[in-house]
Every structure is written in structure tokens, then in C-alpha cells.
Amino acid sequence: MSRFNGDKFGSRRFNGEMSFTKQRTVRFYDERQRPTIPTTQVSRPGAPIGINPIIYKGQPDYLPLHKRIFDPTSDFILGWNRVFLFCCICALFIDPLYFYVPTISYNVNGGATSCVESDTQLSVALTCLRSLSDLLYVIHIIIKFRTAYIDPSSTLRVFGRGELVRDPKEISMRYLKSDFAIDVAAALPLPQIVIWLIIPAIKYSTSEHNNNIVALIVLLQYIPRLYLIFPLSYEIVKATGVVAKTAWMGAAYNLVLYLIASHVLGSLWYLLTVDRQTTCWKETCRGEQDQNCQIKYLDCSFSEQDKDYMDWANTTQVFTNCNVTNQNSNFSFGMFGPALTNESPAKGFIVKYFYSFWWGLQNLSCYGQTLTVSTYIGETVYAIFLAVVGLVLFAHLIGNVQTYLQSITVRVEEWRLKQRDTEEWMKHRQLPQELRDRVRRFIQYKWLATRGVDEESILQSLPADLRRDIKRHLCLDLVRRVPLFAQMDDQLLNAICERLVSSLSTKGTYVVREGDPVTEMLFIIRGELESSTTNGGRTGFFNSTILKPGDFCGEELLGWALVSKSTINLPSSTRTVKALVEVEAFALRAEDLKFVANQFRRLHSKKLQHTFRFYSHHWRTWATCFIQAAWRRYKRRKMAKDLSMRESLSFNSVRSEEEEEEEEENVGSSQGKQNFQNLGVKIMAAVRKGGELRKLQKPDEPDFSADGFE
């Protein structure tokens with residue numbers, strides 16, 4: 001049972017035009033009368049009401065894979081192109097391994113004869129690997145049938161791009177007319193078909209003919225497989241800018257391509273070596289027609305099946321005349337002689353592969369200069385081809401690897417040039433050695449901190465929201481370590497983080513001097529600063545403190561920024577700030593601090609006022625001096641009180657003396673009392689004169705209650 005609730009929301013009928021139907025609530029009731037989740041349907045031209053198979057980047061997950069249309073710039077297509085590029089390189093490595101299938105068996109039947117056969121185990125292994133690579137080529141064809149493309153003739157242009165065509169029929173027709181034939185030619189399992197279907201069906205076929213057919217098929221199919229790498233690399237470069245993400249990966253990628261070329265040339269050299277050996281046997285066998293020499297005897301499958309073979313093997317001179325070590329042989333093996341001398345065609349697969357690979361790499365790198373060729377035209381053409389390919393590929397490898405490696409050290413070279421220019425400038429201006437050392441230390445420290453990267457230029461080229469998120473990630477935790485900002489909300493901290501810039505100071509650098517205008521507030525991240533003051537140049541007055549990570553300086557700027565009608569002139573610094581070691585900090589410039597103070601009224605709060613007073617070194621210095629002055633006043637008053645008490649006690653004791661004392665004693669006592677009183681007056685005068693403190697001016701405090709906000 002179903003019910004359509006269309007009265008409340010309204011409905012529209014689909015009339016074949018592009019339109020989006022309003023949300024229609026569809027409720028399906030089961031036995032327990034539980035409604036399901038409302039669904040939304042989107043219509044498109046010429047399609048029934050239902051699910052639209054044209055999918056954008058944010059395509060829903062409920063669509064089956066075969067109905068999805070992929071965006072060529074999506075992460076899925078980019079990832080698949082990288083994976084398939086790796087698979088193509090592996091396929092280029094697998095195919096030449098078919099050239100190692102033919103082998104030569106020397107000293108058959110007690111050392112009298114030799115023959116050619118095929119390595120069955122290697123054929124089975126290569127068939128499995130080749131089938132797996134063919135399957136990946138087929139998957140790539142299917143994906144290209146479901147990948148949208150950009151119409152080059154479209155008039156709609158967005159940043160240089162045309163309109164994206166997502167119609168499956170148009171995608172299929174375009175693909176069938178362009179790269180479909182090449183992709184199919186590369187994906188066909190031709191070697192497997194030839195080895196396991198065609199060759200067994202041919203009667204009276206020999207191993208030599210079979211191997212030549214397989215080699216020809218592999219060479220012909222190797223061309224489209226090699227061609228696919230170039231458009232695939234172009235698509236990756238068009239989407240990301242580079243094939244390899246790092247310079248080392250780019251150098252390794254070009255080196256792998258060069259090694260694959262060496263692998264192909266070495267494998268082909270091995271196949272031609274076997275062919276050259278069998279060619280000598282055939283020519284010599286044709287000259288022994290009187291001894292019933294037949295070409296089929298050169299195949300190992302006839303060694304024990306034909307009775308005439310044993311009679312011919314005991315009298316023939318084919319293998320003696322075609323022995324590469326025979327000095328009397330008239331047949332020239334040319335550049336294939338070293339392989340036949342070592343009997344590499346009779347060795348195991350690993351041995352003959354690495355031997356052939358070494359030969360290809362050596363001659364490709366030296367352009368075939370060490371080769372000694374015969375007059376055989378095929379051998380000469382192959383040597384010419386090897387020299388030309390070696391010259392081109394080696395130059396390509398050296399150029400690309402040099403480019404990638406130079407991109408790694410480009411920052412170092414720029415730093416060296418800048419350092420050299422700085423040295424020449426200092427020498428030209430005849431700067432003293434002390435200033436030169438300070439300049440060198442700053443350049444070295446800036447290189448170690450930034451590695452030559454201009455962070456501000458990179459951030460300014462990014463969008464505002466992305467720049468804000470990056471600044472938040474880099475600065476938020478560090479800003480929260482500053483006590484002045486610890487109690488602020490996230491919105492205000494984000495505004496501050498967005499305007500912070502990095503600041504570096506080397507040892508001995510004066511960040512600001514007393515009396516100079518303050519241009520920025522500095523929040524220390526790493527290192528130590530010395531903040532000192534003489535209270536405007538007072539004689540005998542000096543106060544110093546150490547600023548550590550989490551502290552700040554330049555708080556005079558905060559009071560200037562919080563004034564609603566501040567002057568253009570920046571405030572003067574009341575302290576001298578000097579770097580004791582290398583210091584990393586974030587700086588908030590005057591105009592940025594003014595902007596934050598004007599935009600966010602939450603800066604005007606009593607809580608921030610108390611925090612500012614507690615952590616401000618100006619207020620700490622003033623509080624210390626205030627406490628010292630109060631303590632001295634207290635000591636002065638206490639001393640005056642004690643002296644007054646002593647005077648009163650002394651006066652009372654003199655008056656109570658006995659009247660019977662002699663007049664001389666009375667006179668002496670009065671004189672002593674007068675002297676003691678004079679001494680007390682002198683002490684009080686000295687204390688008052690010495691304890692008189694010059695008043696320390698109270699530091700200026702920002703108007704945290706400006707505009708009546710708290």
C-alpha cells in the first residue's frame with residue numbers, strides 16, 4: 001500500500017524539458033505502518049522519471065558502477081591513470097621475456113649433436129603474467145568508455161576549459177573513432193593464442209618456426225603498448241602538472257624507462273643469437289644433402305623419434321663447422337659470438353637474462369662502439385639501430401635526470417648566489433667586520449629556518465579561506481600559549497592568526513630601542529630576549545628582564561590601537577629589546593593590530609585589562625618600584641616613631657632625678673639631653689633626605705573600556 005502526499009508540497013508533471021521536480025514525499029507502509037525516508041527524483045531530457053545516470057564529482061553511492069560517468073579530472077581517474085601507467089611499464093618488461101623461450105641444447109646424445117627447443121615452464125609463467133596484464137588493459141578500455149571528455153568546439157569557457165560532455169553515446173562514439181583500435185591491439189592476448197592454439201594446430205612445425213612466430217607477434221604488439229605510455233603520461237601531466245610527485249621519483253622514472261630499453265635490446269640480442277646459430281646449422285646442412293641432412297633434425301623433438309637421425313648424427317660436420325670456437329669455420333657470428341662462446345642459450349633463465357641485460361645496458365650506454373659485426377645485413381642494421389637508439393635515449397636520460405636533480409638544489413643555488421651578492425656588496429661598501437658577521441649570521445639563520453622559501457608570497461597566492469585555515473593551523477596553538485590571548489574566543493584568535501607574520505632575529509640583534517617608534521608586537525615562539533629600560537635616561541636607574549617563549553613585547557602598540565581616535569604617529573618604546581640567542585617569533589604589525597581592535601569590540605574587557613597588567617613587563621617594573629617606594633616610606637615612618645619614643649623616655653628620666661644631686665651634675669645632664677635631641681633631629685633629616693624617592697611615572701594603560709564596552 002502506498003500513499004502520495006502531494007497536496008501540501010505541490011507537484012509538477014514531467015513534460016520532456018529540463019526541469020527539477022519539487023520534493024515529493026513517498027511513504028511506504030509495511031505491516032507495522034512505519035514510513036520510510038522521503039526520496040527525491042531528478043528528471044532529465046528524454047529520460048523516464050527515476051535515477052539520472054549522468055554523475056558529477058559528488059555522485060551518489062547507490063548507482064551501480066557500470067552506470068557511472070567519471071569526471072576526467074577526478075581523483076579516481078587520476079589514481080587509475082597512475083596505476084595503469086605502472087602496469088604498462090610492467091607489461092613492457094614482461095613481453096620481451098618471450099624472446100628467452102627458445103633455448104639450445106648442446107652435446108645431445110653423448111656430445112655428438114645439438115638442437116633447438118622451447119622452454120615450456122617459462123612459457124607457462126609468461127602466459128599467466130601476460131594474461132593478468134591483458135586484463136588490466138581491458139579494464140582500462142571499459143573505464144575509458146565511462147569517462148567524460150571536454151568538447152574542444154564548445155563556446156562555454158571556464159578558465160580555459162571547454163564544456164564537459166557526459167553523454168554515454170557521445171563518449172563511446174568519440175572513443176571508437178580515436179584510441180579504441182590502439183587500445184584493443186594492445187590488449188589482445190596474441191602470444192597466448194599463438195603458443196597454445198595456433199602452433200599446436202600446425203602440422204610439422206619446428207621449434208625454430210614457432211619461436212620466430214611468437215617473437216614477431218610480440219614485436220608487433222609491443223609498438224601499441226609502447227605508444228600508450230605517451231598519451232597516458234600526457235593526461236597525468238595535464239591533470240597534475242608532473243608525472244612524478246618528487247624530483248627523485250622523476251629521475252627514477254626516466255631511469256626505469258632507460259633500463260627497459262636496455263632490457264628489450266638485450267632480449268632481442270639473445271633471440272638473434274639463437275637465430276644466428278640455427279642459420280649456420282641450416283646453411284651447413286644444405287651442403288650435406290648427400291648425407292641425408294634434414295632441417296627437422298635440428299629440432300630436439302626429433303632426437304629420439306627418427307632412426308635416420310642417429311646415422312646422420314654420427315657422420316655430420318654441421319655442429320663442428322658451426323662451432324664458434326672453431327678457427328677453421330667460414331661462418332662469421334659477429335656480435336653474437338660472445339654469447340655462443342659462453343653457451344648462454346643453454347644456461348638457466350636467470351643466468352642468460354642477466355647476461356643479456358648487461359650486454360644491452362653496456363652497448364646502449366656506449367652507442368655500440370665496442371661491437372664487432374659481420375657483413376650480415378640483419379646484424380648490421382641491428383647495430384645501427386642500437387647506436388641511434390642509444391644516442392637518443394642516453395641524451396634523454398641525462399637531460400631529464402639532470403633537470404630533476406637540479407630542481408632539488410635550485411634553492412641551494414639561489415641561496416649561494418644571494419650570499420655571494422651580499423658578500424660583494426659588503427665588500428664594496430667596506431662594512432666593518434662586526435656588521436659583516438651579523439649579516440652572515442642572519443642569512444644563515446634565515447636559510448635554516450625557511451630553506452629559501454618565501455612563505456608570505458606562497459600564502460598571498462592562495463584563496464582567503466585556504467590562507468586563513470593554514471594560518472590557523474600554524475599559529476593558533478602558538479598564539480594560545482601567549483597569556484594575553486589565552487582567554488580570547490576563536491573568532492578573535494582567527495583574526496589575529498590571519499595577520500601574523502613570521503619574524504627571525506639573530507643573536508645580538510636589537511628588536512627595538514628605547515625611544516624608537518614601536519611598529520609591531522612580537523610574540524616569542526622560540527629563543528630569549530632581554531628587555532631593559534632606564535626610565536627615559538634617568539641616571540642610576542636600570543631595570544632588566546628576560547622574555548621567554550610565551551612572552552610578548554611592544555605592548556605600547558596595544559594602547560595606541562585601542563584608542564578610538566588614535567594619531568598617525570606610532571607610540572615610542574619605553575624599553576630596549578635585544579635578542580640573547582636566535583629568536584623565532586610572530587609579529588603583529590601596527591595596522592593589523594589597529595584593524596583587529598576596531599573590528600572586535602571584545603578586546604574592551606576588564607578581564608583582558610587584568611591579564612594585560614599581570615603579564616606586562618612595564619606594569620611589573622612600575623609595580624616593583626611602587627612596592628619599593630612604599631616599603632621605604634614605611635621604614636622611614638617606623639624609624640621616626642622609634643626616635644620620638646626614645647626622646648620622650650629620655651626626657652622623663654631626666655626630670656625624675658633627685659634634687660639632691662649637685663648643680664654640676666644637673667648642668668651636665670641638661671647639656672647631654674640637648675646633644676641627644678640634636679642627634680635625633682639630624683638622623684631624621686638624613687633619613688628624610690636619603691629616602692626621598694623620585695616618583696616613577698606610571699605606565700600608560702590601554703583604554704580597555706573604550707566606547708563603554710566591557
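Helices (H or I, at least four residues) and strands (E, at least two) are taken here as DSSP runs, numbered from the N terminus. The model is predicted, and local features need pLDDT of at least 70, side-chain atom pairs count only at pLDDT 80 or more, and totals for chains, interfaces and linings use all residues. Residues are numbered from 1 along each chain as its sequence is written, and side-chain values use heavy atoms, with hydrogens and water left out.

**View 1. The protein chain as a whole.** The secondary structure of the protein chain consists of 22 helices and 14 strands. Of its 710 residues, 37% count as buried, where buried means under 20% relative accessible area, exposed over 50%, and partly exposed in between (1.4 Å probe, protein chains only). Among the contacts (heavy atoms within 4.5 Å) in the protein chain with a separation of 6 or more, 71% come from residues 24 or more positions apart.

View 2. Gln221 belongs to helix α6, which covers residues 207–227, and is buried, with a relative accessible area of 3%. Its side chain reaches the backbone oxygen of Leu188 at 2.5 Å. When residues up to four places away in sequence are not counted, Gln221 touches Arg130, Ala185, Ala186, Ala187, Leu188, Leu190 and Pro191.

**View 3. Helix α1 against helix α8.** The axes of α1 (residues 75–94) and α8 (residues 247–286) come within 10 Å and cross at roughly 25°, which makes α1 roughly parallel to α8. Axes are lines fitted to C-alpha atoms, for helices over the stretch in contact, and angles run from 0 to 180 degrees between N-to-C directions; those under 35 degrees count as roughly parallel, over 145 as roughly antiparallel, 65 to 115 as roughly perpendicular and the rest as oblique. In this contact Leu85, Ile89, Leu92 and Phe93 of α1 meet Tyr253, Val256, Ile260 and His263 of α8, and by class the residues divide into seven nonpolar, one polar and no charged. For these classes, Ala, Val, Leu, Ile, Met, Phe, Trp, Tyr, Cys and Pro count as nonpolar, Asp, Glu, Lys and Arg as charged, and the others, Gly among them, as polar.

**View 4. Helix α16 against helix α17.** Helix α16 (residues 464–480) packs with helix α17 (residues 490–498) at an angle of about 110°, their axes being 8 Å apart, so that α16 is roughly perpendicular to α17. Arg468, Lys471, Arg472, Cys475, Leu476, Val479 and Arg480 in α16 meet Asp490, Leu493, Asn494, Cys497 and Glu498 in α17. The contact of α16 with α17 has five nonpolar, one polar and six charged residues.

View 5. Glu343, in the loop between α11 (337–341) and α12 (349–365), has a phi near 55°, a positive value in a residue other than glycine. This residue counts as partly exposed, at 35% relative accessibility, and the C-alpha atoms of Glu343 and Ser105, 238 residues apart along the chain, are separated by 9.3 Å. Tyr367 is placed in the loop between α12 and α13 (377–429); its phi is near 60°, again a positive value in a residue other than glycine, and at 26% relative accessibility Tyr367 counts as partly exposed.

Note on methods:
A polar contact is a pair of N or O atoms within 3.5 Å; within protein, one must be able to donate a hydrogen and the other to accept it, and residues adjacent in sequence count only if both atoms are side-chain atoms.
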